[in-house]
Amino acid sequence: VPVVLAVIVLVVLAGVVLVGASRRRDSGAAGLSREVRRSDRSNPALATGGDEALSGREFEAAEAAARPAGDVAIVESAPPAPFVAPDPVTLGVTRRQFFNRSIVGMMGFGLSGFGGACLAFLWPQGVSGFGSKIRVGNLIEVLADVENNNGFLYKPEGRMWITAYPNGAVEKARDAYSPAELAGMTAGTEQGFDAGVVALYQKCPHPGCRVPNCVSSQWFECPCHGSQ
Ligand code: FES
């Protein structure tokens, strides 16, 4: 029962709201609220000579009645006026031109910045350090440094190890290495030293761990997977 009563009350309230809203819309002259109409009536500057009492519908009906029937003016159709291009000097820079130039200018500015950044990124950097020619000293100094460092000389600027290459292994090496690699290996036999030299990149050819030297074995053993 309370639910039924609540539904009935809600329906009645909804009806009251609908009726009130429709009456308000009908009675408002040109959609103005009662407060606005009252304020307009009290304003002498807005006095219209008694029309303020008319509702919107009444006003429309009065206008329609006052309009003479069939009194519609016929306007002769005229050919369109010929187009005369505006004088560009008088016009100056139009808004369209201004925006077009701004957009193109900003795009050009952005693209040139991007291009400059790409060039700077790709420009060869090998002017010093790794990737460029580095000086490690002459053969006498290098062999002395190798000996003083227990057979391994690390050169961080080249990310490499330098070790002595025995003269007795040079003949075998000739079949296996390129002339550039042989240049250091054969330096001992060709220049009368006890050994040549060989430079080894610090990274393992397996996935690339950095390989330390092993003084006890006088060899290189990769700590990752044991390559030697
Ligand atoms: S990375 Fe050196 S053995 Fe695997």
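1. Asn150 is partly exposed, with a relative accessible area of 48%, where buried means under 20% relative accessible area, exposed over 50%, and partly exposed in between, with a 1.4 Å probe and protein chains only. Asn150 sits in the loop between helix H6 (139–148) and strand E1 (153–155), helices (H or I, at least four residues) and strands (E, at least two) being DSSP runs numbered from the N terminus. Its phi is near 60°, a positive value in a residue other than glycine.

2. The model is predicted, so that local features need pLDDT of at least 70 and side-chain atom pairs count only at pLDDT 80 or more, while totals for chains, interfaces and linings use all residues. Residues are numbered from 1 along each chain as its sequence is written, and side-chain values use heavy atoms, with hydrogens and water left out.

3. On confidence, the mean pLDDT of the chain (the predictor's confidence in each residue, from 0 to 100) is 86, and 91% of its residues reach 70 or more. In the chain, helix H2 (residues 34–41) has the lowest confidence, at a mean of 78, and helix H5 (residues 95–122) the highest, at 96. Where pLDDT is low, the predicted coordinates should not be read in detail.

4. The secondary structure of the chain comes to nine helices and five strands, and from the N terminus on its elements run α-α-α-α-α-α-β-β-α-α-α-β-β-β. The radius of gyration, taken over C-alpha atoms with a globule rule of 2.2 Å times the number of residues to the power 0.38, is 49 Å for this chain, well over the 17 Å that the rule gives for 228 residues, so the chain is more spread out than a compact globule. Its C-alpha atoms fill a box of roughly 130 × 80 × 35 Å, taken along the principal axes.

5. The chain is divided into domain 1 (1–45) and domain 2 (139–220), with bounds that come from an automatic or database domain assignment. The centres of domain 1 and domain 2, taken over C-alpha atoms, are separated by 100 Å. Buried residues make up 17% of the 228 residues in the chain.

6. What does the one disulfide join? The structure holds one disulfide, a pair of cysteine sulfur atoms within 2.5 Å, and it joins Cys209 to Cys224, with an S to S distance of 1.8 Å. The pair links distant parts of the chain, 15 residues apart: Cys209 lies in the loop between strand E3 (195–201) and strand E4 (213–214), and Cys224 in the segment after strand E5 (219–220). With -100° about the S-S bond, this link is left-handed. Cys209 counts as partly exposed at 23% relative accessibility, and Cys224 is partly exposed at 35%, whereas Cys222 is buried, with a relative accessible area of 6%.

7. Val215, in the loop between E4 and E5, is partly exposed, with a relative accessible area of 41%. Not counting residues up to four places away in sequence, Val215 touches Asn150 and Phe152, a contact meaning heavy atoms within 4.5 Å. The C-alpha atoms of Val215 and Phe152, which are 63 residues apart along the chain, are separated by 8.0 Å.

8. A further backbone point concerns Arg159, which has a positive phi of about 50° although it is not a glycine. Arg159 lies in the loop between E1 and strand E2 (160–166) and counts as partly exposed, at 36% relative accessibility.
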